[in-house]
Every structure is written in structure tokens, then in C-alpha cells.
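Subject: Structure handover

Hello,

Here is the structure I said I would pass on. My notes on it follow below.

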Amino acid sequence: MSSHQSARPVRIGVQLQPQHGEWSDLRRAVVAAEELGVDVAFNWDHFYPLYGEPDGKHFECWTMLAAWAEVTSRVEIGALVTCNSYRNPDLLADMARTVDHISGGRLILGIGAGWFERDYDEYGYEFGTPGSRLADLGEALPRIESRWGKLNPAPTRKIPVLIGGGGEKKTLRLVARHGDIWHGFGDPDVVERKVAVLDDWCAQEGRDPAEIERSTGVEGSPDDTGRRLHDLGVRLFTVGLSGPDYDLGPVREWLAFRDEVNAGS
């Protein structure tokens, strides 16, 4: 399975979760992450904290990405992940194209079907069912791609589409059709299964699996899971950090892992 990804370098991401801090904390953290050598800085697309104090401080995703685009110069940026339900797909495509230009071609469009019911209820969105939200995502992805082809000016590059989720019947099929990056969660055993399912969908959709970068969230030390995940074809490893401190200490080990693996490949 890993042969699909063997030519790709390892990249390290950090998810700066926009909860429990001030904007100044998030701005400082993304600049520090870039200076440290992180490859991708992600936030997330929610309206309330996901853990800790449920009514704690929190900021909106896409306005933040535009600001991050201005205060950084090298690191790629994106949401891990945008909730498809919160914005019309054509509008989202335009927002992504705009941040792509602000950043000089550093945006990754991370997107998923959505799941956090409180966001929907408090902001007046129809929560629906997992099936209806996935169907909406399946309709949105071609609309986003189509809108990118109509915008003036066009995006600066083919904006990479990262699709988050591990659903084996629908989500991974959408990845095979539309994704440039697949982001999953779980231990190596889970990732191994999902990667195999994704490869099967690629075969059915006529897609070269080597075109899709495999990404996962990681915790702890790379000594625990790094090599096994790498052997499974994972090339983007993302460490999640919460406010207000955004302690980048754990990221340093993963950057050292990246540099060691890439030097040896």
C-alpha cells in the first residue's frame, strides 16, 4: 500500500484550534509555527469550542484564514476541515480562490460533511442526517470545481482539495473522485483499513491512488506511530494544539521525524 506514496516527502501540519484564546494568541502561534518550519497550518470550522469550556472564547474559520494569509509567507494554510453545510458551495469556492490569491497560492481547501450539532442548532442550519450531509457534500464538490473554472481572476493554482472523514461507503468514494488529500483519524490499524478501502475506490473510479496524499492527525511521539503510519503511506502528519498557549513543543519531535525520513528517502 505504501508504494503509492513512496515518492512523496513527509510533511508536518499543525492544527491551531481557534478556541480558548485571543486573536493575538492565534496570530502569534501561526507565525511561530511557520518560523519553526511547519509545512501546513490548519484551523477548524466550528462556532464553539469542541472541548474545554463549551462557551469559551472562539473565532470563525475563514476570516481567520484570510488574516493568516497576510501574516505568513511560506506555510500552506487551510481548514481541517470546512463544514460544507455552512456556506453555499459557489460562495465557498470564491472565498477559497480569494484566500488563494491573498496567500500567493498557499491555500488547501479542507472540507467535510459536518457533524457538530450545536453549530447547526445555534446558527440556524438544518442538521439533517449523516446521509443527507454526505449527499450535500457530494453535490457541492463538483460545484466548487466548476466555479473555480469561471472565476476572474482564476485561482493561482489548482487549489488542493483535502477531504476529511473515514466513511467507507460514501466519504472515501468522494475522496477517490475529488480529493487531492485524504485526512483520517485513528490508530495505524484503522488507517490501514481506510487506506485499503480508498485504494479500492480509486480502482473503481479509475483514479491513480498515487495522486491522493494520505494525511492523519497524530498525538504523542513519532516514536510510537510515525514509522508505521509512514509505511501505510501517510505523508502529512498533523498535531492539534488548543489555546490559549498553543505550545509548539510536541511539533518539534515531528519535524525532526520529517527531516530524518526525508533525508533517508
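Which residues form one aromatic cluster? The cluster consists of Phe47, Tyr48, Tyr86, Tyr120, Tyr123, Tyr125 and Phe127. Please keep in mind that this is a predicted model.

Arg118 lies over the face of Tyr48, 3.7 Å from the ring centre.

Searching the whole structure gives twelve aromatic pairs. One of them joins Phe237 and Trp254: the ring centres are 5.5 Å apart and the planes are at 25 degrees, so this pair counts as stacked, the cut-off being under 30 degrees. Phe237 belongs to strand E9 (residues 234–242) and Trp254 to helix H9 (residues 249–264), so that the pair links distant parts of the chain, 17 residues apart. Both Phe237 and Trp254 are buried.

The other element I looked at is helix H2, which covers residues 61–71. Its buried residues include Cys61, Trp62, Met64, Leu65, Trp68 and Ala69. These cover an arc of only 150 degrees around the axis, and therefore lie on the same side of H2. As background, an α-helix has 3.6 residues a turn, so residues three or four places apart point the same way. Thr63 and Glu70 are exposed, on the face of H2 turned away from the buried side. At the N-terminal end, Glu60 caps H2, with a side-chain oxygen 3.0 Å from the backbone nitrogen of Trp62.

Regards

Notes:
Residues are numbered from 1 along each chain as its sequence is written. This is a predicted model: local features need pLDDT of at least 70, side-chain atom pairs count only at pLDDT 80 or more; totals for chains, interfaces and linings use all residues. Side-chain values use heavy atoms; hydrogens and water are left out. Rings of Phe, Tyr and Trp (its six-membered ring) pair if their centres lie within 6.5 Å; planes under 30 degrees apart count as stacked, over 60 as edge-to-face and the rest as tilted. Helices (H or I, at least four residues) and strands (E, at least two) are DSSP runs, numbered from the N terminus. Buried means under 20% relative accessible area, exposed over 50%, partly exposed in between (1.4 Å probe, protein chains only). A charge sits over a ring if NZ of Lys or CZ of Arg is within 6 Å of the ring centre and within 35 degrees of the ring normal. The arc is that of the directions from the helix axis to the C-beta atoms. A polar contact is a pair of N or O atoms within 3.5 Å; within protein, one must be able to donate a hydrogen and the other to accept it, and residues adjacent in sequence count only if both atoms are side-chain atoms.
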